[in-house]
Every structure is written in C-alpha cells, then in structure tokens.
Amino acid sequence: MDYADFVHLARTSEQDCAQDSRAYRRSVIRFAALGYLWVIGCVVVALGLLAFSVHHLISDRFGFVWISLAFAACGLLWVGLKALRVPTEPPIGVRVTEEDAPELFKSLARIQKRIKGPPIHEVYLDDEFNAGVRQVPRFGVFGGSVNQLVVGLPILMALDKKRMLMVLAHEYGHLRGDHGKFGAWVYRTRLSWSRLYDSMEDSASPFAVATQAFLRWYSPRFVARTFAMARQDEYEADRIAAKMLGREEAIASLAETEIKSTWLDTRFWELHWAQAVREPLPKGPFQAMQRLLVQPPAPDFARDTLRRALKKLSNLDDTHPVLKDRLKALGEKRPGLPEVWSERGSLSLLGPSAARWIDQFDREWCKDNADAWKRHHARLQRARARVLELQSNAANASVAEMVETAQLIKRLNPASNMSTELYRKALDRDPVHPQALIGKALHMAEADPERGLQYLERLWNHHPAYRLWAARMAVQELESPREEREFPEQDLKLWRDRRREAENSEAELMQEIARSPVLESVQPHDLTPFERIEVLAELARILPLRQAWLVRKKIHAMPDRRAYVLLVGIARADEAAKRQLCAELEQRIELPGMLWVMPSDEAASKEHLARVAGQPIFVRE
C-alpha cells in the first residue's frame, strides 16, 4: 500500500466518522475483528494440524512426514499463543503511591467520579513535559487491562492546580465508558498481529509466508481505518475536560502548555547547559526548572510561539491534532495568549514528597549526563580561554577574529548581546562576510525580521555555498504570520523559487561527492589552530581511536563549499562498532563545513593514505 492510498483511506475514514460516527465505529470493529480472527485462526489451524499428525503417528507408526508436520504445527501454535499474549513495555518513570501523594489520588478519584470511568490502577512520575494514560492488557487480546497514568514533573511545575487537573481530566477522558474499552480492544488486536508478524519475520515456512503476506496487506489499512477514531478521541477528551473545569480554563491550559513546553525545549536547556562554563560537575536542572516554569514567558516569545503553533497543520504522521484544531473544536475562533498565567504550579498535588522527587530526578539526571557535562565544560573552558586571547588584541583584530569572538561569546552565553555588536562591527569592515551575515540574520529573526531578510538577501547574492540555508530561513520567516505586516506573497514566491533552486544545486553537489572516490580532489585541511584543538580534544576521548587524518575535499560544483573527510584508525573493532564510532564522531565534531568520517583501512592503503593525506592530525601515544 503506497502512501497516497494510505492518505486517501485515512481521509475517507475521517469523512465517514464525521457523517456517522456509530456506523464508522461498527466498520472499525468488523475490520479489527479480521486481524483478531487471523490470530485465533492460526491457533486453531495449529491445533488441528497437531491433532491430525499425532493421530497418524499413533496409527501409522513413526513416519517422517507426520513428525515434520507435528513440529510445524507446534511452531505455528507457539507463535500464535505468543501473539495472543500481547507484549507490553515496562512503564517509564518512578511509581507513585497514594501514601506518597494523597492529594493527587484524591483529585484522580474526584475526576473518576465526575466522568464515571474506571479507576487508575498505577501512577508514574517521569521527567517529560507531558502526561499520558495507557492501558496494559492483563490477559492478552481476551480482555482486561491495567490503567496506568504517567505525569511529567515539569508539567506539574508549569501549570497551576486547576489547569493541571484539566490535563489529567483530558487523559482520563480516554478511559471513559465504551470509548476506553473499545480503544483498548483495538490496541490489543493491533499488538497481537504485530507480534505475530515479528515472530514470523525470519521463518520460511508456508504458514509464516502466508501470514506475512496477510499482515502486509492488513496492517497499513488497519492503521488508516482507525486514524479518524484516534483523532476524534482526542477531541472528545478535550470536550470532557472542558465540561468538567470550564471552557475558558481548558483553552488557557492548552495555550499555556504549548508555549511553556516550547520554552523548555528551546530556551531552558540551552541556558542550563551554558552553566557548564563555570560548573565542572553536572548540575541538576529540576530545581531551577521549578523556579522558572512558573514565571510568565517573555511577551515576544509567547506571541511568536503561539503564532507558529497556530500555523501548524494536522497531518497523518500523528493522531494528535494540532493546537489550532483543538481550540477550534472547543469553539475558540480567535485564539490568543492566556489572560492569566499559572503562578504556583501544581506540585502541591505531590504533597511533601515533591521535594524528594525533585532531588531524586536531579541526582539521576546528573548521573546520566556526567560524561557529557564534563566534555561540555572542557569545551567551554577552551572557548573562554580563546575569547580572552582574542580580546587581548581586540584593537588590532581582523574581521575573521571579530567573527570568531562573536561566535564563541554566543556559545559561552546564549543570552548575551555582545556577539551582535561584534557582528555589526565586522560587517562595517566587510559587508558580505558570510558568518557575520548569518550571525546578524539569526539575531534579527526575532528582533527585526524585516532587517533579517535584508541580511539573508545579501548572503544569497554573494555566497552560493550558503544559499540553501538563506532560502530556508527566509521562507520560514515569510510563512510566519505577523500582526504588524501584510502577507508578502511576491517575496514568499521569490524565496520559495530560490529554495527550490538551492535544493537542486545541493542535490547535484551530493551526486558529485557520491560519484567521486573518497580521497579524490583532496587537499590539506584549512582549520584554524583553535578549530584544530577542538577536533583533537574530541578525538582524544575516543579510546579505541589510534590515529586520524583530516583533509579538505574540493567540490567542483561549488568551490566555496567547505567539506572535510576524517579517516580514523580503530583498534580491534568489528564492522558494526566501527560504523557506530564514525557516526558518533560525525555528531560530536563541529567543523566549518560538511564532515564524513570513515575507517582509514576502508578508504585507502597505508601508502596511498600517507601520500594523499600526509601526516595524521592525531596519534594516540
């Protein structure tokens, strides 16, 4: 089933659900039962074949054919029974009991009573800005489930008690009445045949081949047919929560959750990791998170985040509708920022245990991120030393040194405006310096978008190597609706055409690289001493690494585009370990251009490597 057919079937299911939801659910039941019956059928056929083969073994004595058939039947029976069992993943987070958080359980009991739903059997606390409920099957596809609620510590910190109860009521809405039972049944059915398919993946028996063929046909159609049901369930859960706690409060809760979760992802973690410049050991984030999440977001950030969120369109990759559709379903025609932000959070639901959980999550985070924090601390220390060195000669600094200083200051303190002034001074001396234009464009994207587009225009006109980046940034900005300007249709069309042109150029560039041998058209690397030190620091941390060579690859389709090849000598590692290590280095090492990392023994012989790449950049003593 190709993607176009999947989209058509999913859209059709949405139309059917909107026209007659009861008839639609009946059709889902019939189609879900088909997968259910296939699993049961496998078990029945296996039992029949087993009985048939045993009968002939008893009457015809030990014939090879009947022994083989008995083994095949046992294999099919085992696979079918495993599918009916339905695998479950262990819950993520820390188990919370009623003794730990009596107020939370009292609130859940009140919601249960209002909704008249089943009880929550288990509650878990994790470190995500989210809440969710899931039903874990007790007896496979035959029925019965354990209702588990997972609540994120950050969302408890961000929302006041009433808005947090709205979130919990939404999750509880998924369990209500026949909705919860039907959804759990569909869920168990899907898992049963998924498990059956996985179990037969490596089998070449006729039963396995037939079942795999059926499931390849059935699986995407089942997902498409049930898509509308899953999305409508989200809307219904919102309506239930709004009915319990008030429509206005539900709308404010949705908007505040969207904005604060975005702030946590885009701002908080950046600021937290920046503390590594002065803290050599990891510092837990949750104490600071508790203090900052109850503060109202900056007005510009909140407005921009809401604009971007309302611009998103629901797609078929996720059954959860976007914010715009959820607010529309609640009757909100002109969404805006909450008139009042949460001021206290809802950690009171955890009672006296809240401080203990925060401390525990901080300790676990520090343990899990100890190595990354120490590596980041060392990197920031090198950056600070380099900034001091550059600032000592600031009066005679070149444009390149001014840009390097600005980049390092931004790395040390993302909230600093010093880098913006340095970029301005650099552009006064060299109006088309690419990195200075990029720095100013990024800053102006929030402060003055119109001015930012001017820097992107200059970047496009003078630097072909950065055209794709400039076009994507410009399209992103022009597609963002802003109150203070009209929609610039012609400018958007121009930049979309430019983006298409740059993407075609990028494709040609990648084809040239793919066609040419690794060490063809290479020359010595052009890294600055500081960039070289940064690379060596990362290489030294990879213990299996013995040697490394770094070269710059010349690209004829785009001579100004910087691209590098890092060849590494790895001691005593299989092919999978080598590939994993190379992928890790590509993520860790930051260079002013594209980077490919590969084992040196796959790229060239020792003689060819020495002749083309010269001396290694790194040798472990």
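Which residue forms a salt bridge with Asp497? I opened my notebook with that one, keeping in mind that the model is predicted.

**Entry 1: a pair in one helix.** I found that Asp497 pairs with Arg500, and their closest N and O atoms are 2.9 Å apart. Both sit in helix α21 (residues 489-515), and because they are three residues apart, about one helical turn separates them. I looked up their accessibility too: Asp497 is partly exposed at 33%, and Arg500 is partly exposed at 48%.

**Entry 2: pairs across the chain.** Next I looked at Asp526, which forms a salt bridge with Arg562, the closest N and O atoms being 3.3 Å apart. This pair links distant parts of the chain, with Asp526 in the loop between β5 and α22 and Arg562 in the loop between β6 and β7, 36 residues apart.

Then I turned to Arg356, which forms a salt bridge with Asp100 at 3.3 Å between the closest N and O atoms. Arg356 lies in helix α14 and Asp100 in the loop between β1 and α4, so the pair ties together parts that are 256 residues apart in sequence. Is Asp100 buried or partly exposed? Asp100 counts as buried, because its relative accessibility is 18% and the cut-off for buried is under 20%. Arg356, at 41%, is partly exposed.

**Entry 3: the whole count.** My search of the whole structure gave 36 salt bridges.

**Entry 4: strands.** I finished with β7 (residues 563-570) and β8 (residues 594-599), which run parallel and are joined by six bridges. Val568 stands opposite Pro599 in β8. Together with helix α23 (residues 575-588), β7 and β8 make a right-handed β-α-β unit.

Key:
Residues numbered from 1 in each chain as written. Predicted model: local features only at pLDDT ≥ 70, side-chain atom pairs only at ≥ 80, totals over all residues. Heavy atoms only, no water. Pairing = 2+ DSSP bridges. Helix = DSSP H or I, 4+ residues; strand = E, 2+ residues; numbered from the N terminus. Right-handed = clockwise from strand over helix to strand, strands pointing away. Salt bridge = Lys/Arg side-chain N within 4 Å of Asp/Glu carboxyl O. Buried < 20%, exposed > 50% of the residue type's maximum accessible area, 1.4 Å probe, protein only.
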